[in-house]
Amino acid sequence: MDTSTLPKLHENAQDFMPINGTDYLELYVSNSKQAAHFYKTAFGFQSLAYAGLETGLKDRESYVVVQDKIRLVLTSPLKSGTIIGKHIDDHGDGVKVVALWVDDATYAYNTAMEKGAKSYMEPKTEEDAQGTVVRSGIHTYGETVHIFVERKDYNGTFLPGYRKWETPDFNPSSTGLKFVDHMVGNVGWNRMNEWVDFYANVLGFTQILSFDDKDISTDFTALMSKVMSNGNGRIKFPINEPAEGKKKSQVEEYLDFYEGEGIQHIAVATDDIIKTVRELKSRGIEFLKVPDTYYDVVLDRVGKIDEDLAPLKELGILVDRDDEGYLLQIFTRPVEPRPTMFFEIIQRKGAQSFGKGNFKALFEAIEREQELRGTLH
Ligand code: FE2
């Protein structure tokens, strides 16, 4: 993994849980085959691996797509009455697994369990002609889980049990997405600190940022957020909870529609956000829109940037600056029928923060969408 744009090891972190990076994200979706097609066509992922009836599975089918370091597993049930089907019935399409790449999945599991994690999957060795993988898993907020993946003795395409998925006649080009920058979870009222403590105590993460309801509020809605990061800084999990406002916040809307806590957005990094967003738009991805007046004052706020303002304004890309540099970011509309999960596209130019200066404009844009959905009341 390219670490040049990632923050350095936190000096004071007690890193009893070394994690190399995000291994894969598994989404439970109602139609994995069509979802794979969407992520390929619209987001520029490539076919990678497949498991289902043709590999001996009877109850589910998974398509794995890849773009640079990002691997998405899209899984649907093949019959009624399954755990996966229940998850989809409860939550709609959403992220079930945030898999973490470790050197020792047994050590990671045993350590997490000693420190109070709830088991999802005991360490299990899986094997095929390309070698062995050890996986284990623990629960996090809602029905979301972390799976530890140890793949140092494996040379196969993805995981044992999957076969290579090749689609020589249909491989849309990349849109420049490189790696998962951060993943945000929405948790219930007064639950943020509980999950902050979980990531600190069970996984050895440190809190790198905190936003209270004064930082993150508009005239109508508010939320609070704390950002947890692992020792090498490659995993960053902001955790949001709702705060009191005059109207229902986006976090409450999410909790209502997801029917519980879960992943709110996946932020993916690019080295050229203008090119990436132009490409994504041309393929049908819809983004949140801030008013044009945002651009009247943005440079007064963030100072000089390398990019011309015109394409940023045309595409709706937001800019923010912190002590270390600046960042460019934009948010998609939800990518499933329920107003739940969405994507962020982010390009960091030194800044290691999350766009605090954009929160107000952004949340007002979300409120306009909530208004259209009839959920801002
Ligand atoms: Fe974000």
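How much area do domain 1 and domain 2 bury between them? I find about 3000 Å², with 67% of it on carbon and sulfur atoms. Buried area here is the accessible area (1.4 Å probe) that two parts lose on being put together, summed over both. Phe43, His91 and Tyr141 supply 25% of the area that domain 1 buries against domain 2, more than any other three residues.

Basis of the entries. I am working on a predicted model, in which local features need pLDDT of at least 70 and side-chain atom pairs count only at pLDDT 80 or more, while totals for chains, interfaces and linings use all residues. Residues are numbered from 1 along each chain as its sequence is written, and side-chain values use heavy atoms, with hydrogens and water left out.

Domains. I took domain 1 as 21-164 and domain 2 as 177-373; such bounds come from an automatic or database domain assignment. Their C-alpha centres lie 25 Å apart. I looked up contacts (heavy atoms within 4.5 Å) and found 40 residues of domain 1 touching 34 residues of domain 2.

Polar terms. I noted nine residue pairs in polar contact across the interface of domain 1 and domain 2, both residues at pLDDT 80 or more. A polar contact is a pair of N or O atoms within 3.5 Å; within protein, one must be able to donate a hydrogen and the other to accept it, and residues adjacent in sequence count only if both atoms are side-chain atoms. On the side of domain 1 that touches domain 2, α2 gives the most, with five residues. Helices (H or I, at least four residues) and strands (E, at least two) are DSSP runs, numbered from the N terminus.

Salt bridges. I used a side-chain nitrogen of Lys or Arg within 4 Å of a carboxyl oxygen of Asp or Glu. The whole structure has 26 of them, and the count between domain 1 and domain 2 is one. Lys178 pairs with Asp68, the closest N and O atoms being 3.8 Å apart. Lys178 is in strand β10 (residues 177-186) and Asp68 in the loop between β3 (60-67) and β4 (70-77), 110 residues apart.

Metal. Which residues coordinate the iron ion? I list His182 (NE2), His265 (NE2) and Glu344 (OE), at 2.0 to 2.2 Å. Donors are N, O and S atoms within 2.8 Å of the metal (3.2 Å for Na, K and Ca); water is not among the atoms, so sites may look incomplete. The donor spacing in sequence is H-x82-H-x78-E.
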